Amino acid sequence: MKYWRLPLDAEGIPVVRGIVHIINDRCKGCGYCIEFCPREVLAFSKEFNKKGYHPPMVVSDGCLNCHYCEQLCPEFAIYSEEAEPAAGKVL
Ligand code: SF4
Ligand code: SF4
């Protein structure tokens, strides 16, 4: 999303970023995390897990550590944790 104007102190505000962890063999390939991630961070991978499903993979570095994928996943197969803040990066 592009904003048409920015706060004057945007350069100095640290933006929270997340690191997504996927426990491949727990995934049942429902795609909720992919469909509802507000930053389109995830996509189906081509690999198969032990259950025969395609688990998600991370396809962008836009994760904001909102934990939404974590809340949605019925199999507790995905979670995020906070990465080092990067000052001055604009959403
Ligand atoms: S934590 Fe939020 S932004 Fe990051 S992958 Fe999950 S749903 Fe997307
Ligand atoms: S929500 Fe969970 S079970 Fe569904 S695709 Fe994502 S990681 Fe797999």
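Visitor: Is V58 buried, exposed or partly exposed, and why?
Guide: V58 counts as partly exposed because it has 17 C-beta neighbours inside 10 Å. The scale is this: 20 or more other C-beta atoms within 10 Å of a residue's own make it buried, 12 or fewer make it exposed, and anything in between is partly exposed, with C-beta atoms placed from the backbone.

Visitor: Before we go on, what should I know about the model and the numbering?
Guide: This is a predicted model, in which local features need pLDDT of at least 70 and side-chain atom pairs count only at pLDDT 80 or more, while totals for chains, interfaces and linings use all residues. Residues are numbered from 1 along each chain as its sequence is written, and chains are lettered from A and ligands numbered from 1 in the order in which they are written.

Visitor: Back to V58, then. Which strand is V58 in?
Guide: V58 is in β4, residues 56-58. Strands here are DSSP runs of E with at least two residues, helices are runs of H or I with at least four, and both are numbered from the N terminus.

Visitor: And what is V58 in contact with, leaving aside neighbours within four places in sequence?
Guide: V20, V41 and L42. Contact means that the two C-beta atoms, placed from the backbone, lie within 7 Å.

Visitor: V20 and I22 are both in β2. Which face of β2 is covered?
Guide: The covered face has G18, V20 and I22, and the uncovered one has I19 and H21. In a regular strand the side chains alternate between the two faces of the sheet.

Visitor: How does β2 pair with β5?
Guide: In the antiparallel sense, over five bridges. Two strands pair if DSSP finds at least two bridges between them. V20 has S80 as its bridge partner in β5.

Visitor: What is the overall order of elements?
Guide: Along the sequence the pattern is β-β-α-β-β-α-β-β, with two helices and six strands. Of the contacts with a separation of 6 or more, 63% are between residues 24 or more positions apart.

Visitor: Which residues have the most contacts inside the largest nonpolar core?
Guide: C33, C69 and I78, in a core of 13 residues. A nonpolar core is a set of buried Ala, Val, Leu, Ile, Met, Phe, Trp, Tyr and Cys residues joined through C-beta atoms within 7 Å. Beyond four places in sequence, C33 is in contact with L42, P56, C69, L72, C73 and I78.

Visitor: Now the ligands. Which residues are closest to ligand 1?
Guide: C37, C63, C66, Y68 and C69, out of 15 that surround ligand 1. A residue is near a molecule if its C-beta atom, placed from the backbone, lies within 6 Å of it. The elements giving two or more residues to that shell are β2 (18-22) and α2 (68-72).

Visitor: And around ligand 2, which are closest?
Guide: C27, C30, C33, C73 and A77, among 14 surrounding residues.

Visitor: Last one. Where is F76, and what is its phi?
Guide: F76 is in the loop between α2 and β5 (78-82), and has a positive phi of about 50 degrees although it is not a glycine. F76 counts as exposed because it has 9 C-beta neighbours inside 10 Å.
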